Amino acid sequence: MKSNMFVLALVVLLVLCCLLPAFFRWKKHRKALRERLLSRLSSRSERLLYSLEMISDRYLTKETNVFFLEYLLYVIGQLKNANYQSKFVSKQGFLVDCLTELKSGRQQVTRDRVGSQEQFDQVCDALQYILREMRNIPENRVVSRVIVKHHIVLVRYAHALAYRDLLVKQAGLDLENDKKGLALEKYRIALSSIEKNRSVSSSKREIVRLQNMIQDVEKVLFSKRDKTESELK
């Protein structure tokens, strides 16, 4: 009996000796995977913050900025709970101050508009990154999908508004160079872009402005056309 017990113990010991290296390798692999996931989350969040800082308050509303700052602070909380430290995690105090100032209305507001193709491309890149990151938010179950969809609509409108500003800027240059037909075309494209986002309340004001711009150019063009036709008769 004792011999059998000894053999069994020996077998168990041998099995453990064989399994332990595999167990430690698995544990090491799992730890490395966890570190990569945390590092990726930290890097993505830092880039999200950078993208937000790239965009004027004309394009992202106070409501949307509050939403993203709260989300980024949530991510920092998750990273700290996992004992993960990074450059992004160290920005917690800065984000808290920004959120406090934003909610209280003390934060300085920038209303800069896109005025060149280069600026538009930069804003587009930032907005596209924000949209990609927003698809990860429901997976984290931070907020409801309805709220996320609401902010997706606002970010898409921000893109349309930036495109509108670029086209209006270009149309203004066309008018200065007496290219009213080209200016009119750009105004109409801008109007179409904004009209696709009618669900956003602030779009109504932009639609009226663009319609007025279009009417002003049309009056000049039609007046010129009528004058030319009259002279030919």
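The legends below describe close-up views of a predicted model.

View 1. Leaving aside residues up to four places away in sequence, Asp 174 touches Lys 179, Leu 182, Ala 183 and Lys 186.

**View 2. The edge-to-face pair of Phe 67 and Phe 68.** The model has 2 aromatic pairs. In the pair shown here, the ring centres of Phe 67 and Phe 68 are 5.2 Å apart, with 70 degrees between the planes. The pair is edge-to-face because that class takes planes over 60 degrees apart. Both residues are buried: Phe 67 has a relative accessible area of 8%, and Phe 68 has a relative accessibility of 1%.

**View 3. The tilted pair of Phe 120 and Tyr 163.** The ring centres of Phe 120 and Tyr 163 lie 5.6 Å apart and their planes meet at 35 degrees, so the pair is classed as tilted. Phe 120 belongs to helix α4 (residues 117–134) and Tyr 163 to helix α6, so the pair ties together parts that are 43 residues apart in sequence.

**View 4. Accessibility of Phe 120 and Tyr 163.** Phe 120 counts as buried because its relative accessibility of 8% is under the 20% limit. Tyr 163 is partly exposed, its relative accessible area being 28%.

How values were computed: Residues numbered from 1 in each chain as written. Predicted model: local features only at pLDDT ≥ 70, side-chain atom pairs only at ≥ 80, totals over all residues. Heavy atoms only, no water. Contact = heavy atoms within 4.5 Å. Phe/Tyr/Trp six-rings, centres within 6.5 Å; stacked < 30°, edge-to-face > 60°. Buried < 20%, exposed > 50% of the residue type's maximum accessible area, 1.4 Å probe, protein only. Helix = DSSP H or I, 4+ residues; strand = E, 2+ residues; numbered from the N terminus.
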